[in-house]
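Visitor: I'd like to learn how to read a model like this one. Could you walk me through it, feature by feature?

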Amino acid sequence: MESANSIASAPHPTSILLPVAHNAPSGTAGSRLARRLVEIGVKDVFFVPGDFNLTLLDHLISDPQLNLIGCCNELNAGYAADGYARAKGVGACVVTFTVGGLSVLNAIVGAYSENLPVICIVGGPNSNDYGTNRILHHTIGLPDFTQELQCFQTVTCYQAIVHDLSDAHELIDTAISTALKESKPVYINISCNLPGVPHPTFTADPVPFFLAPKVSNQWGLEAAVEATANFLNNAVKPVIVGGPKLRVAKAQRAFVELADASGYPIALMPSGKGLVPEHHPQFIGTYWGAVSTSFCGEIVESADAYVFVGPVFNDYSSVGYSLLVKKEKAVIVNVNRVTIGNGPSFGCVFMADFLNALAKRLKKNPTVLENHRRIYVPPCIPLNHAKDEPLRVNVLFKHIQNMLSGDTAVIAEIGDSWFNCQKLRLPENCGYEFQMQYGSVGWSVGATLGYAQANRDKRIIACIGDGSFQVTAQDISTMIKCGQRTIIFLINNGGYTIDVEIHDGPYNVIKNWNYTGVVDAIHNGEGKCWTAKVQTEEELIEAIATANDEHKESLCFIEVLVHKDDTSKELLEWGSRVASANSRPPNPQ
């Protein structure tokens, strides 16, 4: 994928022409699938073995350019493929039929919501069992093998059931190319007896994929640019706000070119963090309604025109539907449509084409940027602490900020880490990922595994709450096995803090673990892993120094003990507004 902070030098995406593999193993469906994965850029495949996929795994392992990574459970394998796709542009996982497929399903839903092309491969029943009344294990005891397929149909953009070799090549190729074109997950089910059977359609090297570039309707593009230019050039105080769909539209560079040409200040929606370069001189922070970066929310909401590029307005990003933006002042630029105010709306106009063309038509207008600079006051630093005073969360993130560079990336788990990580100022080339749309608790452990595997040159800093960690902790094991050097800050505050601020109750308190002890047990003396437990700023400083020096090549797990009520002020405000939205009474009937 295109890094938000290296977009200036990135080539403009027009098409994907994948090379022919001249010395690839050929002749079977298993080897063809392996070759196709390598061609599209997948070097690591995350899997959990099961009796229906073992033969397929044999053929994937036999490809010297594929590295198979066994995970502790299917959910984490899917999360790892999600994280890998964020870094590489596409990811893949392999599980077994139904018990594995339904376990990985939650991760695939998350990838679908975030527009990530994940190839989900399932080893399926023997081809001879289709159309019979046989009852198989790993099912609910009915002679119906479509239950798994039905579950995947609404959360993948293509489903391929391969139980006949005569069309296996077509189904596999269509599934993979559709994932790339639609930037959504796909589902491939291959009967367990087919991966190693030769077939004439697999004897030759595969013809390379060619994915034709998406081209805007020229008339629609010109009309959209003309109307938008008139709208914005007549405004006095316009701003630009970037959203999460910049990624799927591959429009980060075009976004920056528009900002450079217009002189408008640029903000980002919370789910767009990491896609907009924060070192840009016109960057003013995160627009998140009542919990925006200081002075950013005021600037955006007082503008007389705002360009939202690739936005998603849901209850979380709108802080319980409380944004003070007016539709008639907005230009909404979606992946393939532009809408100005309450109309007109122009279809078949692709985001990058539109932004590039619009940049040439706008008059430079730095009015709002100059106003922001007049009113801006730099953020204050946390209050001084007494010696051995219990560590505060804002002090923790002050030190995490100082750890960031172009050689690091941040993974933020759902919870208060969303809000604290959102306030981090990302240096050039520093990566950032979190899952805001789906918000699946525990996502970050598997995603960190996959993202770190794809980004071996970066040190990943993962901020994970104790409740989330308990959901998916096992694959710390896989990180150690893969020799990853991630730094994990486990924030131990005794429960589901984000839920506490929405609606408190005894169900938000969890059983405390000895988290460093758990990780030490998983480590078990094999591989490189170091743990520490910190309760004061002095201990934190020492732990960070150790992680960056003598254990810089190890996975470092730092458990941070903080008070259960120590949260960001943004979570307090956001939680009360989301609670208000959740508790709206039924409309009168």
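Visitor: How far apart do the end C-alpha atoms of residues 435-559 lie, and what share of the span is helix and what share strand?

Guide: First, some ground rules. This is a predicted model, where local features need pLDDT of at least 70 and side-chain atom pairs count only at pLDDT 80 or more, while totals for chains, interfaces and linings use all residues. Residues are numbered from 1 along each chain as its sequence is written, and side-chain values use heavy atoms, with hydrogens and water left out. Helices (H or I, at least four residues) and strands (E, at least two) are DSSP runs, numbered from the N terminus. Here the end C-alpha atoms of residues 435-559 are 22 Å apart, and the span is 42% helix and 19% strand.

Visitor: Which feature does UniProt place at residues 435-559?

Guide: UniProt positions are in the numbering used here, feature names are shortened, and annotations may be inferred rather than shown by experiment. An unreviewed UniProt entry gives "domain: Thiamine pyrophosphate enzyme TPP-binding" for residues 435-559. The UniProt record, also unreviewed, puts "domain: Thiamine pyrophosphate enzyme N-terminal TPP-binding" at residues 28-133. Residues 28-133 are 46% helix and 20% strand, with end C-alpha atoms 29 Å apart.

Visitor: On to sheets. In what order do the strands of the sheet with β17 and β20 run?

Guide: Two strands pair if DSSP finds at least two bridges between them. This open sheet has 6 strands in the order β17-β16-β18-β19-β21-β20, with parallel pairing. β17 (431-433) and β20 (529-534) are the edge strands, each pairing on one side only. Inside the sheet, β18 (residues 459-465) and β19 (residues 487-492) run parallel and are joined by 5 bridges; A462 stands opposite I488 in β19.

Visitor: Which strands does α13 lie across?

Guide: Contact means heavy atoms within 4.5 Å. For angles, axes are lines fitted to C-alpha atoms, for helices over the stretch in contact, and values run from 0 to 180 degrees between N-to-C directions. α13 lies across β16 (408-412), β18, β19 and β21 (555-561), at about 170° to β19.

Visitor: What is the strand order in the sheet that holds β3 and β6?

Guide: That open sheet of 6 strands reads β3-β2-β4-β5-β7-β6, with parallel pairing. Its edge strands are β3 (67-70) and β6 (159-162), and the twist averages 20° from one strand to the next. β5 (residues 118-124) and β7 (residues 186-191) pair over 6 bridges, and G123 has I190 in β7 as its bridge partner. Helix α3 (residues 74-88) lies across β2 (44-47), β4 (91-96) and β5, at about 165° to β4.
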